[in-house]
Structure formats: C-alpha cells, structure tokens
Amino acid sequence: MRIDVVSIFPEYLAPLRLSLLGRAQEDGLLQLEVHDLRDFAFDRHRTVDDTPYGGGAGMVMKPEPWSLALESVLESVLAGRDASEDKPILIVPSPAGEVFTQALAYELAEEPTLTFACGRYEGIDERVLDWAGERFRVRPVSLGDYVLNGGEVAVMAMVEAIGRLLPGVVGNPESLVEESHSNGLLEYPVYTKPSSWRGHDVPEVLLSGNHGLIARWRREQQLRRTAARRPELLDGADAAPFGRDERAVLRELGYDVVAGRLVRG
Ligand code: 6GU
C-alpha cells in the first residue's frame with residue numbers, strides 16, 4: 001500500500017518510521033510519503049492560512065496551497081494505479097467526520113493507496129473538499145468525540161491501525177483475531193508469570209490446561225468486560241453467535257434476546 005500525508009508539520013509523522021510500520025516500509029509492504037503543505041505556498045512567507053469569512057475566532061487554511069499539494073500527490077498516486085480502478089481515497093481527519101472504527105480500518109486496508117490531508121487551525125476552506133471530490137473519494141474521518149489541534153495525531157493513529165492489517169506486517173496474523181473489536185467485543189484479560197504476584201493470583205482456569213474451559217472463560221470475560229465498559233457495543237447485536245452459556249451470562253448482565261437481537265431489559 002502507498003500512503004501520502006500532506007501536513008504543515010511533516011516531522012510530526014516521523015514516529016511512523018519506527019517499530020512495526022518502519023519494518024513494513026523496509027520490507028516494501030508500505031510506502032509512506034509525507035509532504036509539506038508549505039512547499040505549495042509561494043508568497044514570501046509561504047502563507048497557508050487566512051481569516052475566516054463571516055468572522056469568528058481562529059484561522060482557516062487557504063484553498064490554493066491545498067489544491068496544488070493534492071494535484072502533486074494525485075499525479076504520483078495515479079501513475080501507480082490501474083485506469084480501471086475507482087478514484088483514490090482522500091481521508092480528511094476532522095472531529096466533524098464519520099467515526100474511525102476497526103471496520104473502517106479493515107475497509108481502508110484493502111485500498112492500493114490512501115491520501116491524508118492534515119488540517120490545522122479551524123480547518124480547511126470547505127471548497128477544497130468540493131474540488132477534491134471530483135478527483136478523490138473524500139472521507140472526512142474523526143477519531144472520536146474530542147478535539148485535537150490538528151489532523152497529524154489522528155493520521156498516526158489511523159495509519160497504525162490500517163498498516164498493521166496489511167498482509168505480512170504483523171508477524172503472527174493470529175494476534176489480529178483475538179484482539180479488542182475484531183469480533184465486536186472487548187478483549188479478554190491476559191496474564192503471564194508468576195502465577196502469584198504481590199497477593200494477586202492468575203485465574204485458576206488458565207492454569208488448568210483445559211483449552212475448552214479456557215476458551216469458554218475468555219468469551220465470558222469478553223462479555224462481562226464489554227457490558228461493564230462499553231454496553232452500547234452489545235445493544236442490538238446479532239444474538240446468533242452466542243451459545244447457551246453465553247446467553248446465560250448475557251441474561252445475568254441484563255440483556256434479553258428479542259427477534260434475534262440483544263436488548264437491555
Ligand atoms: Cl480526526 N482531527 C482533529 N483535529 N480532532 C479530532 C479528530 C480528528 N478526531 C477526534 N478529534
């Protein structure tokens with residue numbers, strides 16, 4: 001996969017060269033290109049922002065540097081894509097976007113290229129998104145309901161979540177199966193040696209060697225944890241994947257099955 005990021009703080013993205021994703025780049029599984037928006041601003045001060053029409057606090061990113069930067073990215077991105085393919089995706093990190101989820105990470109991991117446009121200040125002139133819509137599939141995406149100073153940290157989170165799903169990036173693909181959100185539930189708790197530590201013991205069942213019992217216990221822990229921390233993840237969930245034991249746990253946790261769906265009683 002090829003990923004292009006446009007930002008006024010290209011150094012902000014440097015950590016994406018480390019660790020698992022750094023190795024993926026060395027191995028040719030991921031090509032990461034970071035571009036400085038100011039390289040596309042041609043006045044003496046390389047200005048990328050201006051005051052908002054209609055007044056109000058803060059500054060807005062000017063449209064022209066963005067169009068030049070995205071045209072430049074698009075030229076190299078299109079050179080590596082099939083003419084038969086859909087328009088490339090442009091992700092615009094914004095607290096006003098759709099929420100980034102594991103499902104969206106899986107969807108985006110299928111793309112041959114992704115382009116990220118990092119806004120700062122109060123955001124990018126809206127006409128850039130209209131203009132870009134003729135050339136890209138534009139997706140404004142948010143990490144969640146809170147406000148960051150710019151898109152860079154959000155891009156780091158999204159690129160890491162997407163990058164680790166690319167074939168060959170995570171050494172043992174099994175580890176992608178059991179983690180939080182891979183099955184719509186939170187992950188079960190994990191333990192390592194010693195079995196007794198500062199008066200806290202590892203749950204007996206994990207020392208039993210009975211793999212059936214262990215699997216059952218882990219599923220139950222997933223249900224209890226999800227109900228306690230993220231009950232909305234269970235609301236309306238398809239009940240079909242839950243067996244007799246799990247349904248008993250869910251009933252204890254206050255969920256009923258109505259028309260094949262979980263509802264809180
Ligand atoms: Cl994607 N961008 C910004 N600036 N703030 C955010 C966000 C994104 N997601 C949550 N807050």
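Buried here means under 20% relative accessible area, exposed means over 50%, and partly exposed is what falls in between, using a 1.4 Å probe and protein chains only. What we have is a predicted model, where local features need pLDDT of at least 70 and side-chain atom pairs count only at pLDDT 80 or more, while totals for chains, interfaces and linings use all residues. Numbering runs from 1 along each chain as its sequence is written, and side-chain values use heavy atoms, with hydrogens and water left out.

**Salt bridges**

Take a salt bridge as a side-chain nitrogen of Lys or Arg within 4 Å of a carboxyl oxygen of Asp or Glu. By that rule the count is 17. Here are three of them:

| Pair | Closest N and O atoms |
|---|---|
| R2 and D4 | 2.7 Å |
| D86 and R137 | 4.0 Å |
| E246 and R219 | 2.6 Å |

E246 sits in helix α7 (residues 244-252) and R219 in helix α6 (residues 211-229), so this pair ties together parts 27 residues apart in sequence. Helices (H or I, at least four residues) and strands (E, at least two) are DSSP runs, numbered from the N terminus. R219 counts as partly exposed at 23% relative accessibility, whereas E246 is buried at 13%. R2 and D4 are both buried.

As for D86 and R137, they form a salt bridge. D86 lies in the loop between α2 (63-79) and β5, and R137 in strand β7, so the link spans parts 51 residues apart in sequence. D86 counts as exposed at 51%, and R137 as partly exposed at 27%.

**Pockets**

On a 1 Å grid over the protein atoms alone, a pocket is an open set of points where a 1.4 Å probe fits, with protein on both sides within 12 Å along at least five of seven lines; lining residues have an atom within 4 Å of a point. Points are joined across faces, edges and corners, and a volume is the space filled by probe spheres set on them.

The largest pocket comes to about 500 Å³. Its lining has 25 residues, with P93, S94, P95, A96 and G123 closest to the centre. β5 gives the largest share of that lining, five residues.

The second largest pocket has a volume of about 340 Å³. Among its 14 lining residues, T101, Q102, A103, H181 and L233 lie nearest the centre. Helix α3 (residues 102-108) supplies the largest share, three residues.
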